[in-house]
Amino acid sequence: MNMSGVNTVTEFILLSFPCSREVQVLLFVLFSVSYILTLMGNGAIVFAVKLDHRLHTPMYTLLANFSFLEMCYINTTVPNMLRNFLSDTKTISFTACFLQFYFFFSMGITETFLLPLMAFDRYLAICRPLHYPTIMSSHLCMNLVGLCWVTAFLCYPVPIYFITQLPFCGPNIIDHFVCDPGPLLALSCIPAPGIELSCSILSSLIIFITFFFILWSYTLVLRAVLRVPSAAGRRKAFSTCGSHLAVVSLFYGTIMMMYISPTSGNPAGIQKIVTLLYSAVTPLINPLIYSLRNKDMKIALRKIQMFTKTGQSKQEFMSEPRS
C-alpha cells in the first residue's frame, strides 16, 4: 500500500448521540447537571477528608484519592461531550483525540489499581487488626497511591504511539463520544491485528489480575467476618466492605462488558451506553454509595455543611467533637 497518505486525517468527528436538536439540548442539560453533581459529590468527600483530621487514616485517604480520581476521570470525557451536544461540526483534532484516549485509559487503569489497594486495606484492617497500624502506615499508603498513579500512566504510551503511526486517510467519523481504541483502529487504512491484540491482552491482564486480587481479598475478609462472634461486629464489617464491593461491581461489570468481550461484536449503541456507565454514571453515584453507608463520612459531610454556612475557621471545624 502507498503510505504517502499516512495521517492525512487532521481531525475526527465524534458522532456522540445523533438525534434531533431539541434532544441534543435536553441531553446537554441532563449531562451538565450530572457533571456538576459528580464534581460536587466527589469534591465534598475530598474536602471532608482533608479538613477533618479524624479522617486522616489510610481508609479515608484512599477514599479521598479515589474521589479525586473520579473528578479527573469524568473531565476526560464529559466536557468534550457537552461541547459536541451544542456543536454543529462535533470535531476533535487528531492530537486532542489521542490525548483524550491516553488520559481516559490512564485514569481508568488508575482506578483498577486503586480499587484492589482499597480491598487490601480492608483485608489488613479486618484480618490483621493488631498489625494494621504498623503495616498500613500513612507513609506507605501515600507511596502505594503514588505507585498506582505512576504505573497506570506508564501502561499505554507505547500502544498509543503505535496507533498514531497507522495511516488514517479517511473516513474520519467515530460513532462514539470518546476516542476509544476500537473505533479508532477501525478507521485505519490498513488492518493492525498486532496492535489490536496487544491492546486487548494488556487490558485483559490488568482487569483480570486486579479483579481476582479483589476477589481473593474479600474472600479472606468474608471468612474472617463470619468468625466474629458479635452480630454487631459482623454488621459493621459488612457495612464497611459493602460500599466498596458495590463500587467494584459497577465498575468491573461494565469494563468487562466493554473490553473483555469482543469489541467488534458489540453494536456502537451498546458500546456508547456501557462506556457512559463506567465513565460518567459510576463517578456520579460513588459518592452516594460511600456517604450513605458510612457513618463517619456522613458526620464529616454534615460538618462541612455547617462549616460553609457559619464560616467557621478550619481549626474550629477540626476541633468539633463527633456527635
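Tutor: Contact here means heavy atoms within 4.5 Å, and the helices (H or I, at least four residues) and strands (E, at least two) are DSSP runs, numbered from the N terminus. The model is predicted, so local features need pLDDT of at least 70 and side-chain atom pairs count only at pLDDT 80 or more, while totals for chains, interfaces and linings use all residues. Residues are numbered from 1 along each chain as its sequence is written, and side-chain values use heavy atoms, with hydrogens and water left out.

The part to look at is helix H6, which takes in residues 138-153, 16 residues in number, and reaches 23 Å from its first C-alpha to its last, close to the 22 Å expected at 1.5 Å a residue (the expected span being 1.5 Å times one less than the number of residues). Within H6, Cys141, Val145, Cys148, Trp149, Ala152 and Phe153 are buried, where buried means under 20% relative accessible area, exposed over 50%, and partly exposed in between, with a 1.4 Å probe and protein chains only. As background, an α-helix has 3.6 residues a turn, so residues three or four places apart point the same way. On the face of H6 turned away from its buried side are the exposed residues His139, Leu147 and Val150.

What covers the buried residues of H6 includes helix H2 (58-75), helix H4 (94-127) and helix H7 (157-164). Of these, H4 also lies across strands S1, S2 and S3, running at about 85 degrees to S2; axes are lines fitted to C-alpha atoms, for helices over the stretch in contact, and angles run from 0 to 180 degrees between N-to-C directions. Those strands form an open sheet in the order S2-S1-S3, with mixed pairing, in which S2 (91-93) and S3 (173-174) are the edge strands, each pairing on one side only. Two strands pair if DSSP finds at least two bridges between them, and S1 (residues 11-14) meets S2 in the antiparallel sense over 3 bridges, with threonine 91 in S2 as the bridge partner of isoleucine 13.

Finally, an unreviewed UniProt entry lists several spans as "transmembrane region", including residues 60-78, 98-120 and 140-162; such annotations may be inferred rather than shown by experiment. In the model, residues 98-120 are 100% helix and 0% strand, with end C-alpha atoms 33 Å apart, whereas residues 60-78 are 89% helix and 0% strand, with end C-alpha atoms 27 Å apart.
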